[in-house]
Amino acid sequence: MKTAIISDIQHFCVSDGDGIRTTVFFKGCNLRCKWCHNVECISEMPQKLRYVIGAKEKIVDCGKTVTVEEVLQELLEDKRFYENSGGGVTFSGGEPLLQSEFLAVLMQRVKEHGIHCIVDTAGDVPFAAFARVIPYTDTFFFDIKAANSEDFLKYTCGNFENVLSNLRKLVAQNVDVVIRIPVIPNHNYSKEYMQKTCDLLREIGVKRVQLLPFNRLGSAKYEALGKLYLYKNFETMQKSDLTELLEICAQYFDAKIDG
Amino acid sequence: MHNLLKEIESQPNLGCCRTILAYHGLSENLTAPNVVLRANVFRSILTECPPVVYQNDLILGNFAGLYSLPIDEREEKLANTFIDLLGTRDFFQHSDHFTADYEKLLRVGVPGLLEEIQASLEKYAGDQEKTNTLRAMEICLRAYKELLLIYSEKAISLCGIPGYNNDILRKMSADAQTVAFEKPTTFRQALQLVWAWHLSFCLEGKFAMALGRMDQYLYPFYLADKAAGRITDEEAVALFEAVFAKIHEWHHFLKYEDVANICIAGVDENGEDATNELSYFIIEAVKNLNIPGPNLSARISAKTPDSLLDAALVSIGTGLGYPALMNNEVNVEALIKKGYEVKDSRNFTMVGCVENFLTGQQPPWADGRYNAPVCLDYVFFNGYGTQNFRHGIKTGDCSEIQTMDEFIRRLEIQLRRLADEEMLLYQLRCDKINPINYQQPFLSILCQDCIGRGLDVNMGGAKYPATYGLGIMGIATMADSLAAIEQVVFIDKKATLTELRDALAADFVGYADLQQLLLDAPKYGNNREIVDKYAVWFVRKVAEIFDEKRTPQGGRVFCGIASNINNIYAGKEVGATPDGRKAGAPVSDAASPMYGKDCRGSTATFNSLMKPDYTDIAVGSVINQKYSPVMFSDPEKRRKLLALIRTYFEGGGQEVQINATSRETLIDAMNHPEKYPNLIVRVSGFSAYYVTLNRMVQEDILNRTQQR
């Protein structure tokens, strides 16, 4: 693949891994989580977001086709900032591994410059996609959105067994993996559920876990796309809301709250 | 609120009696030479102003007394006739904005300075002018000594009065008395001397007198006290608080701030890290007080420890915005390039907002405004300023211009002429006064080498002659305009220069499409070479133009890319510009990108800002940046901010003033989204422009930014 479709490249990201990072948001996702906060990254087609600001409408084009060289040059702009902060580049989305051929070529080029790379994935792709990028990936941010297939299917349209199988393979290959758990009201926001999730993760053998408090900041993007957002009326969680859940995780893992 | 601040804010204000006190001094010896008249005026203000001692104070001296006397309007009118005619230098004539040589004050004390003046008087016994100047210095110094003694006596007289702490009164009184006669030996005594000196400037009516490198000149006294077990760190912080709180008197009595610059950290004369315990204490004291008066600046060197920068960021994050962060290396290099000795350059301080100053070695600062963007008007309209009615040079009709190079060539002609015009303005202001009748004997005492030479600070007494600074307006307006011309006219050929001129003349009315093309052209602050190269050119060019100029005293002329709020007034004089800006709208602020036009994140902004060579900018520059409060409160995120600043400074950035986006800002953005197009909200794997969010979500974010 010579090109990819992305929604945006954001500089000076401070919550997508260590240090100062630039995050590439790939467009296109196969999970469609009901709470998704990057709804503009679900479709792999270009879209228009129509925001109403005061009395005016602001139209933002989302989705551009980019070449490896273009993205590479933009990522290299901040090299000095990565080096001084212990940061690097994060590939997120959407699901970046749906465009894994492009990603592998891009990451190979990025690694030539010694830049730290994180791939932020929900994990429901063929393992071949992982295999392509493993040689260039320093850390995978790997989402675990449920503790079993049944719950996973309630909120997403993915294959949980495939997710787990990929995770087991990564762990078996000694790849650095950070589990990211979005904490969602009425779903996994309870001590019991967190315990179940932790049990599963212990069995798989992961070492690092991060909890991401639910936010509804994406609701404006749903409106701008003319879509319905089911989580519109749930309040954004604070880090302090997750203290007890963190304690559970911290018993077994190197755990923290991010976001 | 700090108790001392509360006490200051409860003081009565009967109006300022300075003029009346000044007249008393003037009438003491009506036939004295002008410089002695001035010294007598200084003495009567200092010694007749009633001393007031605050119950919560730790260091004596304040100017509440100046506002405590009932004023007879007839007496004031009479006094004013004389004092007005006596006159003072104004800001453009090198009057205030000065850092005294406090290191010397503490090293030799009052007796040392008196001896030095005596020695000089003997040396120049046959020279009437020098004798007059030195006599005037002596009168001022004795008045300062008298001020210390008056306060010492007042403090003792208050012992036993309810509300006062007798131990503290006795200690303050003894210290003030000691330093009137001897060199200081303790931290308290040293601070008392310096504060009384600053207060004397304030009583005299001077403004923006810097306190300079307090962490450096006070450090030996702190170390001595520590070794002797005479002081705890908490006491040292409390003493700083007492001094800084009194800077708040300006706010209370005058309703504006004494922009008293305090400079911490940086390097010593050998170029080694100069950060010490006091650097941290000063940040702590300023943070605790949370008032805008003490204008704290930190000189950040590559050798400055991360812990100091981190302490600075914590203070900034309280919403205070202090300290401003200065790149030590770039500023020192800028001064060395201007011909100052290396060790003197390494000892620089700031006066006023950011202006670099050779501590105690040059006359007070003066600067003017260089409104560069009007030169765009001059090029488009053949030497005519559409808004300011001034004239440039007739460089011809703009339809003759076929290339970008030709445009730049004509622009440079206009820039040079405008520089000459600004220098003439300054020259005329200086020529208006006869220096011998506008001497500043008290200020001269702590400016090297006025005593030794027997000369006033503005008459050859200072080690270095007066410099003049130009606040260069609109770097981003210039760069954006030139890039828009290149992009729209010469690359895309979507309009001719003549069409562009007509659109500018019409202030874009009827040219909405062309204005949009211009607005869409690349803008400074996004790390785009097509526009950044013009910022680089502009900085190099203005530095080159003014480097050839000299002040009437023979001093260098510095450029500063700083505007305070002058970019608003400057903008009123500038017609519509090719960056799409409407006539009369503000030009870009200081050295920052045009407001709202840098939209690729902080790293892209800083990547642009690092490109111009700021070692050519000897005044200094100002970059305003805002971050959400969580960037300061979360230690992990603060480390990222720290790395951002380090990288920016390594890359040649000169200065950055950081603010935490306050709750007030977020609320204002909810109600006036058009003012905040670039306010960004960031969470993991997500970020959005705040103003695109709906109200409910904005409230969520507001809840996350509870300030402590």
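Because the model is predicted, local features are reported only at pLDDT of at least 70 and side-chain atom pairs count only at pLDDT 80 or more, whereas totals for chains, interfaces and linings use all residues. Residues are numbered from 1 along each chain as its sequence is written, and chains are lettered from A and ligands numbered from 1 in the order in which they are written.

Chain A contains an open sheet of nine strands in the order 5-1-2-6-7-8-9-10-11, with mixed pairing; two strands pair if DSSP finds at least two bridges between them. Strand 5 (64-67) and strand 11 (254-257) of chain A stand at the edges with a single partner strand each, so one side of each is left without a neighbour in the sheet. The twist averages 30° from one strand to the next. Within this sheet, strand 9 (residues 177-183) and strand 10 (residues 208-213) of chain A run parallel and are joined by six bridges, with A:V178 standing opposite A:R208 in strand 10 of chain A. Helix 1 (residues 68-76) of chain A packs on the sheet, where it touches strand 1, strand 2 (21-26), strand 5 and strand 6 (88-92) of chain A, and its direction makes about 85° with that of strand 5 of chain A; such angles run from 0 to 180 degrees between N-to-C directions, and axes are lines fitted to C-alpha atoms, for helices over the stretch in contact. Strand 3 and strand 4 (residues 56-62) of chain A pair in the antiparallel sense over seven bridges, and A:Q47 stands opposite A:C62 in strand 4 of chain A. The hairpin of these two strands has two residues between them, and A:G54 takes a positive phi near 60° there.

Chain B is divided into domain 1 (3-258), domain 2 (367-622) and domain 3 (661-708), with bounds that come from an automatic or database domain assignment. The centres of domain 1 and domain 3 of chain B, taken over C-alpha atoms, are separated by 47 Å. An open sheet of four strands in chain B has the order 6-7-8-9, with parallel pairing. Strand 6 (367-370) and strand 9 (620-621) of chain B stand at the edges, each with a single partner strand, so that one side of each is left without a neighbour in the sheet. Strand 6 of chain B runs parallel to strand 7 (residues 468-472) of chain B, to which four bridges join it, and B:G368 stands opposite B:L470 in strand 7 of chain B.

Helix 2 (residues 18-26) and helix 4 (residues 73-86) of chain B have axes that come within 8 Å and cross at roughly 65°. These two helices of chain B are therefore roughly perpendicular to each other, given that angles under 35 degrees count as roughly parallel, over 145 as roughly antiparallel, 65 to 115 as roughly perpendicular and the rest as oblique. The contact of helix 2 of chain B with helix 4 of chain B has eight nonpolar, two polar and two charged residues.

Two cis peptide bonds complete the description. The peptide bond from A:G93 to A:G94 is cis, with omega near 20°, and A:G94 is found in the loop between strand 6 and helix 3 (100-112) of chain A. Another cis peptide bond joins B:Q448 and B:D449, with omega about 5°, and B:D449 lies in the loop between helix 19 (441-445) and helix 20 (450-453) of chain B.

Note on methods:
Contact = placed C-beta atoms within 7 Å. Nonpolar A, V, L, I, M, F, W, Y, C, P; charged D, E, K, R; others polar.
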